[in-house]
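Dear colleague,

I am passing on the structure we spoke about, with some notes on what was found in it. Please keep the model open beside this message as you read.

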Amino acid sequence: NQVNNLVPFTQFATDLANNQLPEYSLVVPNLLNDAHDGPLSDADAWLQTNIDPLLSSSSFQQSGLLIITFDEGDDTDLANGGGHVVTVLVGPKVMPGFQSTTFYQHQNVLALTCSTLGISSCPGQAAGANDMSEFF
């Protein structure tokens, strides 16, 4: 049934303007805008154009959480099954400027997502993963 709730990203700005964003959104930019096949300046411009309005919205400023995760490390960095990747947390409850020294993987991000949404049991390896609460 949930597949009926999937909408294209072109709907994002309208939903944001009408204060009708869902409780959870997953946004995956194309390969040029996610810095995979394009320069970081393109990814930065895409974020400024498309995500800055979200950060500026009053509903986000009250209780929002934005998680930006790069999905790949450098080709020469093969540690832990794929190397170091960057994850940035943005939101009113996130400690400003905090940088963790804890080792996290994608299942930790999923555990954080479940925790934030009030989901008591996460799937797969996220079920036993640290939920990154040190950022708050």
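Met132 counts as buried because its relative accessibility is 3%, where buried means under 20% relative accessible area, exposed means over 50%, and partly exposed lies in between, with a 1.4 Å probe and protein chains only. The model is a predicted one, in which local features need pLDDT of at least 70 and side-chain atom pairs count only at pLDDT 80 or more, while totals for chains, interfaces and linings use all residues. Residues are numbered from 1 along each chain as its sequence is written, and side-chain values use heavy atoms, with hydrogens and water left out.

Met132 sits in the segment after helix 5; helices (H or I, at least four residues) and strands (E, at least two) are DSSP runs, numbered from the N terminus. Most residues other than glycine have a negative phi. Ala35, which is found in the loop between helix 1 and helix 2, is likewise not a glycine and has a positive phi of about 70°.

Phe135 also lies in the segment after helix 5 and counts as buried because its relative accessibility is 10%. Phe135 and Gly97 are 38 residues apart in sequence, and their C-alpha atoms are 9.6 Å apart in space.

The next topic is the largest pocket, which holds about 1,600 Å³ of space. On a 1 Å grid over the protein atoms alone, a pocket is an open set of points where a 1.4 Å probe fits, with protein on both sides within 12 Å along at least five of seven lines, and lining residues have an atom within 4 Å of a point. A volume is the space filled by probe spheres set on the points, which are joined across faces, edges and corners. The largest pocket is lined by 49 residues, and Ser25, Val27, Leu66, Ile67 and Ile68 are those that lie nearest its centre. Helix 1 (12-17), helix 2 (40-50), helix 4 (58-63), strand 1 and helix 5 (106-117) each supply at least two residues of this lining, and the largest share, seven residues, comes from helix 5.

Phe70 is placed in the loop between strand 1 (66-69) and strand 2 (87-90), and it counts as partly exposed because its relative accessibility is 32%.

Two further loop residues complete these notes. Gly64, in the loop between helix 4 and strand 1, is buried, with a relative accessible area of 18%, and its C-alpha atom is separated by 23 Å from that of Asn33, 31 residues apart along the chain. Ser100, in the loop between strand 2 and helix 5, is partly exposed, with a relative accessible area of 24%.

With best wishes
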